[in-house]
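Hi,

Here is the structure I said I would pass on.

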Amino acid sequence: MPHHVTAVAFHPETGQLNLYPDSSAYATQLRLITARIIATANSTAGTDAVRTVRILPPVPRPRLGPHRKPRPPRRPLRRLR
């Protein structure tokens, strides 16, 4: 999941690691594997610094392609007599 999650902050005084997922689906996956994330981060760093993980709201994706201009309002239909 490294391409779908960004670590944005670590607070050493509380041991909190903040993560930004790129979608709500990845946010759910991160919540399910929080214990594994903490264990892996601590074993990689060689300390027990990470105690909690905070999953932040997903980052909105940039729109791809040209932006469409809004359509002008339609004229009302005339009633036939």
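Let's start with the sheet: it is open, has three strands in the order 1-2-3, and its pairing is mixed. (Two strands pair if DSSP finds at least two bridges between them; strands, E with at least two residues, and helices, H or I with at least four, are DSSP runs numbered from the N terminus.) Strands 1 and 3 are at the edges with a single partner strand each, so one side of each has no neighbour in the sheet. On average, neighbouring strands are turned by 25° against each other, direction ignored.

Before going further, a word on the source: this is a predicted model, in which local features need pLDDT of at least 70 and side-chain atom pairs count only at pLDDT 80 or more, while totals for chains, interfaces and linings use all residues. Residues are numbered from 1 along each chain as its sequence is written, and side-chain values use heavy atoms, with hydrogens and water left out.

Now the pairings. Strand 1 (residues 5–11) and strand 2 (residues 16–21) are antiparallel, with six bridges, and alanine 9 sits opposite asparagine 18 of strand 2. Their hairpin has four residues between the strands, and glycine 15 there has a positive phi near 75°. Strand 2 and strand 3, on the other hand, run parallel and are joined by four bridges; here leucine 17 faces valine 53 of strand 3.

Along the whole chain the order is β-β-α-α-β from the N terminus. Helix 1 lies across strands 1, 2 and 3, at about 150° to strand 2 (axes are lines fitted to C-alpha atoms, for helices over the stretch in contact, and angles run from 0 to 180 degrees between N-to-C directions).

What about the inside? The largest nonpolar core has eleven residues, including Val5, Leu17, Leu19, Ile37 and Val53. (Such a core is a set of buried Ala, Val, Leu, Ile, Met, Phe, Trp, Tyr and Cys residues joined through side-chain atoms within 4.5 Å; buried means under 20% relative accessible area with a 1.4 Å probe, protein chains only.) Strand 2, helix 1 (24–32), helix 2 (34–45) and strand 3 (52–55) each give at least two residues to this core. Isoleucine 37 is in contact (heavy atoms within 4.5 Å) with Leu19, Leu30 and Val53, leaving aside neighbours within four places in sequence.

Overall, 21% of the 81 residues of the protein chain count as buried.

Cheers

Technical notes. Buried < 20%, exposed > 50% of the residue type's maximum accessible area, 1.4 Å probe, protein only.
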